[in-house]
Amino acid sequence: MTHDKIWEVLCRHVLDVLDDVRKDEVQPGRSLRELGANSLDRMDILVGAVNELRLDVPTAALASTPTLGELAELLRARREQQ
């Protein structure tokens, strides 16, 4: 799966959970916190994306990715490993 497809999945989950965020605000250099996501929102976004992509990603790895771009790259790398 390409980085672009993974980015699409991640963006869709961000926009589904964070109702007040516009699509143009979801940028690779932004963090979920910057977009106003609280800890439950972040978990909903991450679990939704990981489940849709059918990945097994340790929670600690997800927590260590500060930006959406880094998170997308982590998910892409995990996808290639599986």
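**Charges, fold and helices**

Mentor: Let's start with charge: the chain has 11 positive and 15 negative side chains, and the centres of the two sets lie 3 Å apart. Lys and Arg count as positive and Asp and Glu as negative, with His and the chain ends not counted. Each charge is placed at NZ of Lys, CZ of Arg, CG of Asp or CD of Glu.

Trainee: Before we go on, what kind of model is this?

Mentor: This is a predicted model, where local features need pLDDT of at least 70, side-chain atom pairs count only at pLDDT 80 or more, and totals for chains, interfaces and linings use all residues. Residues are numbered from 1 along each chain as its sequence is written, and side-chain values use heavy atoms, with hydrogens and water left out.

Trainee: OK. How many helices and strands are there in the chain?

Mentor: Four helices and zero strands, so the order from the N terminus is α-α-α-α. Helices here are DSSP runs of H or I with at least four residues, strands are E runs of at least two, and both are numbered from the N terminus.

Trainee: What is the radius of gyration of the chain?

Mentor: The chain has 11 Å, which agrees with the value near 12 Å that a compact globule of 82 residues would have. That radius is taken over C-alpha atoms, and the globule rule is 2.2 Å times the number of residues to the power 0.38. The C-alpha trace spans about 35 × 25 × 20 Å along its principal axes.

Trainee: And how much of the chain is buried?

Mentor: Buried residues make up 40% of the 82. Buried means under 20% relative accessible area, exposed means over 50%, and partly exposed is in between, using a 1.4 Å probe and protein chains only.

Trainee: What about contacts between residues at least 6 apart in sequence?

Mentor: Of those, 59% join residues at least 24 apart. A contact means heavy atoms within 4.5 Å.

Trainee: Let's take the helices. What should H1 span, and what does it span?

Mentor: H1 covers residues 3–17, and at 1.5 Å a residue its 15 residues should span 21 Å; the end C-alpha atoms are 21 Å apart, which agrees. The expected span is 1.5 Å times one less than the number of residues.

Trainee: Which residues of H1 are buried?

Mentor: Ile6, Trp7, Val9, Leu10, Cys11, His13 and Val14. They pack against H2 (39–53) and H4 (68–81).

Trainee: Why do residues three or four places apart point the same way in an α-helix?

Mentor: An α-helix has 3.6 residues a turn, so residues three or four places apart point the same way.

Trainee: Zoom in on leucine 53. What does it touch?

Mentor: Not counting residues up to four places away in sequence, leucine 53 touches Met1, Ile6, Val9, Leu75 and Arg79. Leucine 53 is buried, with a relative accessible area of 2%. Its C-alpha atom is separated by 9.5 Å from that of arginine 76, 23 residues apart along the chain.

Trainee: Now arginine 54. Where does it sit?

Mentor: Arginine 54 is in the loop between H2 and H3 (59–63). It has a positive phi of about 55° although it is not a glycine. At 74% relative accessibility, arginine 54 counts as exposed.

Trainee: Then alanine 61: which helix, and how accessible?

Mentor: Alanine 61 is in H3, and at 22% relative accessibility it counts as partly exposed.

Trainee: What about threonine 65, buried or exposed?

Mentor: Threonine 65, in the loop between H3 and H4, counts as buried at 17% relative accessibility. Leaving aside its neighbours within four places in sequence, threonine 65 is in contact with Glu70, Leu71 and Leu74.

Trainee: That leaves H4. Which residues are buried, and what covers them?

Mentor: The buried residues of H4 are Leu68, Gly69, Leu71, Ala72, Leu74, Leu75 and Arg76. Their cover includes H1, H2 and H3.

Trainee: Last one: where is glycine 36?

Mentor: Glycine 36 lies in the loop between H1 and H2, and counts as exposed at 53% relative accessibility.
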